[in-house]
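Me: I have a new model open and would like to learn how to read its features one at a time. Could you walk me through it?

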Amino acid sequence: MPAELDRLVAEIRACRICVEQPLARPLPHEPRPVVVASTSARVLIAGQAPGTKVHASGMPFDDRSGDRLRDWLGVTREQFYNARNFAIVPMGFCFPGQDAKGGDLPPRRECAPAWRQRLIDLMPQVDLVLAIGLYAQSWHLGAARKASLNETVRDWRAIHDAPTMPRVIPLPHPSWRNTGWLKQNPWFEMELLPVLKSEIGHRIS
């Protein structure tokens, strides 16, 4: 299994589907897939896609959003980047580019169908998925996802307690653009985050 996972990650890091076989406009820059796979991590962080800073560094959540996410999880930077603790598999492995207003585009549509299930299948030890944002929630929750991200995150307790494995906790994106949402929804920090930190605490070293 470790060798098979290593081979698949090497394939992913060499991927050029969105340039050579795009479903729409090709990726507007050279691909740089960012993914952390693990044969031991019990927690899978399923985000959206790398941003500009992560594209530059090659390290997932190596930005202010990552700082907030680590605070939500109650972990240090060292714990976060230890592959024994966390597998980090975004819905799109490459920075998708930006729209006319400077916002990040959605994850590329080629990525998840080509790689995601194969990668997940090689990490059967994962028993908790943090589904960050609409795209990850759609993929990991399917019909259990509500009509909006806000409704899905509000339903986090029923989703987490569902008799399925791995368990899933839906989260908003930790972007600083969501500070207003966090202020309008104080239950998130008061109710969800203590449970999240507890779930993480007994799964990492």
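This is a predicted model: local features need pLDDT of at least 70, side-chain atom pairs count only at pLDDT 80 or more; totals for chains, interfaces and linings use all residues.

**Reading a helix pair and its surroundings**

Reply: Gladly! The axes of helix H4 (residues 64-73) and helix H11 (residues 187-201) come within 7 Å of each other, crossing at roughly 80°. Angles of 65 to 115 degrees count as roughly perpendicular, so H4 is roughly perpendicular to H11.

Me: Which residues of H4 and H11 meet?

Reply: On the H4 side they are Asp71, Trp72 and Leu73, and on the H11 side Phe188, Leu193, Leu196, Lys197 and Ile200. Sorted by class, this contact of H4 with H11 has 6 nonpolar, no polar and 2 charged residues.

Me: How many residues of H4 are buried?

Reply: For burial, the cut-off is a relative accessible area under 20%. In H4, 7 of the 10 residues are buried, so the helix is mostly covered. They are Ser65, Gly66, Arg68, Leu69, Arg70, Trp72 and Leu73. The cover over these buried residues includes strand S1 (43-46), helix H5 (77-80), strand S2 (86-88), S3, helix H10 (179-184) and H11.

Me: Which residue has a positive phi although it is not a glycine?

Reply: That is Phe61, with a phi of about 55°. Phe61 sits in the loop between H3 and H4 and is buried, at 12% relative accessibility.

Me: What else can I read around that loop?

Reply: Ser57 is partly exposed, with a relative accessible area of 30%, and its side chain reaches the backbone nitrogen of Met59 at 3.1 Å. Leaving out residues up to four places away in sequence, Ser57 touches Arg32 and Asp62. Gly58 is in the loop between H3 and H4 and is partly exposed as well, at 28% relative accessible area. With neighbours within four places in sequence set aside, Gly58 is in contact with Arg32 and Val34.

Me: How do I compare separation along the chain with separation in space?

Reply: Take a pair of residues and read both values. Ser57 and Arg84 are 27 residues apart along the chain, and their C-alpha atoms are separated by 21 Å. For Gly58 and Leu105, the separation is 47 residues in sequence and 18 Å in space, C-alpha to C-alpha.

Me: Let's turn to a charged side chain. Is Asp127 buried or exposed?

Reply: Buried: Asp127 has 12% relative accessibility. Asp127 is found in the loop between helix H6 (111-121) and strand S3 (128-132). For a case like this, ask which groups surround the side chain. A polar contact of 2.7 Å joins the side chains of Asp127 and Arg42. Not counting residues up to four places away in sequence, Asp127 touches Arg42, Met165, Pro166, Arg167 and Arg203.

Me: Which residues does the cis peptide bond join?

Reply: Met165 and Pro166, with omega at about -5°. Both residues are also among the contacts of Asp127. Pro166 lies in the loop between helix H9 (156-161) and strand S4 (167-171).

Me: How many disulfides are there?

Reply: The count is 0.

Me: Are Cys15 and Cys18 buried or exposed?

Reply: Cys15 is buried, with a relative accessible area of 16%, and Cys18 is buried too, at 8% relative accessibility.

How values were computed. Residues are numbered from 1 along each chain as its sequence is written. Side-chain values use heavy atoms; hydrogens and water are left out. Axes are lines fitted to C-alpha atoms, for helices over the stretch in contact, and angles run from 0 to 180 degrees between N-to-C directions. Helices (H or I, at least four residues) and strands (E, at least two) are DSSP runs, numbered from the N terminus. Angles under 35 degrees count as roughly parallel, over 145 as roughly antiparallel, 65 to 115 as roughly perpendicular and the rest as oblique. Contact means heavy atoms within 4.5 Å. Ala, Val, Leu, Ile, Met, Phe, Trp, Tyr, Cys and Pro count as nonpolar, Asp, Glu, Lys and Arg as charged, and the others, Gly among them, as polar. A disulfide is a pair of cysteine sulfur atoms within 2.5 Å. Buried means under 20% relative accessible area, exposed over 50%, partly exposed in between (1.4 Å probe, protein chains only). A polar contact is a pair of N or O atoms within 3.5 Å; within protein, one must be able to donate a hydrogen and the other to accept it, and residues adjacent in sequence count only if both atoms are side-chain atoms.
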